[in-house]
Amino acid sequence: MSDKSIKESVEQLIATVKSNPKLANSVFRASTYSDNSGFTVRSEIRGFIVPIDEPRDLGGSDTAPNPVELLLSALGGCQEIVYRAFAAMLGIEIKSIEVHAKGSIDLHGFLGLAEVPAGFSSISFTTRIVSSASPESISQLARLVEKHCPVQDTLARPIPIRGKVELLQPGDLAGAVEIITSSV
C-alpha cells in the first residue's frame, strides 16, 4: 500500500469517526482453543488462525511463538502501523521500519515458586527507520507514535481485566456452570 493510499485510508477513517463518533468505540475479539495436545493452542482472530506453543525448554513442542512473544510482536507490529499512518499524514517518506522488542520475565512468578510478577518485569524495543527525513521530523513522528500506539498504551497503563471460568461436563455444551470469576 502506498503512502498516498495509507493517507487516504487514515483521512477516511478520521472523517467517518468525526461524522459518527459512536463508530470510534471498537471491540476486537480473539478466541483460543486448546485440546489435549500439550501446550499447543489455536487462536482464531477474524478468520485468521494463529498457532501458539511454548519453546522446548519451557515444556512445549516449539511449533509456534509463545504468548509473551506474540505480545512483543503485537507491540512491534502496532508501532510500525502507527509509524506508517502518521508518516503518511505528515508527508514523511519511510523506506522501511523494523522494531526489535525484548521482555524480561522471572519464571519464579509463572511457576509459583516466589512472590514475583508472573509477567514481564520490563519491555524494551529499538525502532530502526530508513528515511531521508530529518532527525527532527523522525523525532516528532516517534513522539506521536509513542503517544498514539494502542498496544504500547495498553501495556503502559493499568486497565481492568475481568474473566470467568465456566465448567462444562463432557458432552454437555449447554449446561455451563460458572465457577470462578476474576477481576484484576
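Me: Why is Cys-149 called buried?

Reply: Cys-149 has a relative accessible area of 0%. Buried means under 20%, exposed over 50%, partly exposed in between (1.4 Å probe, protein chains only). So Cys-149 falls in the buried class. This is a predicted model: local features need pLDDT of at least 70, side-chain atom pairs count only at pLDDT 80 or more, and totals for chains, interfaces and linings use all residues. Residues are numbered from 1 along each chain as its sequence is written, and side-chain values use heavy atoms, with hydrogens and water left out.

Me: What makes Cys-78 count as buried?

Reply: Its relative accessibility is 13%. Cys-78 is therefore buried.

Me: Why is helix H1 called roughly perpendicular to helix H2?

Reply: The axes of H1 (residues 3–19) and H2 (residues 67–90) come within 8 Å and cross at roughly 95 degrees. Roughly perpendicular covers 65 to 115 degrees. H1 is therefore roughly perpendicular to H2.

Me: Which residues make that contact?

Reply: Contact means heavy atoms within 4.5 Å. H1 brings Asp-3, Ile-6, Lys-7, Val-10, Glu-11 and Ile-14. H2 brings Arg-84, Ala-85, Ala-88 and Met-89. By class, 6 are nonpolar, none polar and 4 charged.

Me: What makes Arg-46 stand out, and why is Arg-46 called exposed?

Reply: Arg-46 is not a glycine, yet its phi is positive, about 50 degrees. Most residues other than glycine have a negative phi. Arg-46 sits in the loop between strand S2 (41–45) and strand S3 (48–52). Its relative accessible area is 71%, so Arg-46 counts as exposed.

Me: Why is Asp-62 called partly exposed?

Reply: The relative accessible area of Asp-62 is 48%, so the residue is partly exposed. Asp-62 lies in the loop between S3 and H2. Its phi is also positive, about 60 degrees, although Asp-62 is not a glycine.

Me: How does the radius of gyration of the chain compare with that of a compact globule?

Reply: The chain has 20 Å, whereas a compact globule of 184 residues would have a value near 16 Å. The C-alpha trace spans about 60 × 40 × 30 Å along its principal axes. Of the 184 residues, 17% count as buried.

Conventions:
Axes fitted to C-alpha atoms, helices over the stretch in contact; angles between N-to-C directions. Helix = DSSP H or I, 4+ residues; strand = E, 2+ residues; numbered from the N terminus. Parallel < 35°, antiparallel > 145°, perpendicular 65-115°, else oblique. Nonpolar A, V, L, I, M, F, W, Y, C, P; charged D, E, K, R; others polar. Rg over C-alpha atoms; globule rule 2.2 N^0.38 Å.
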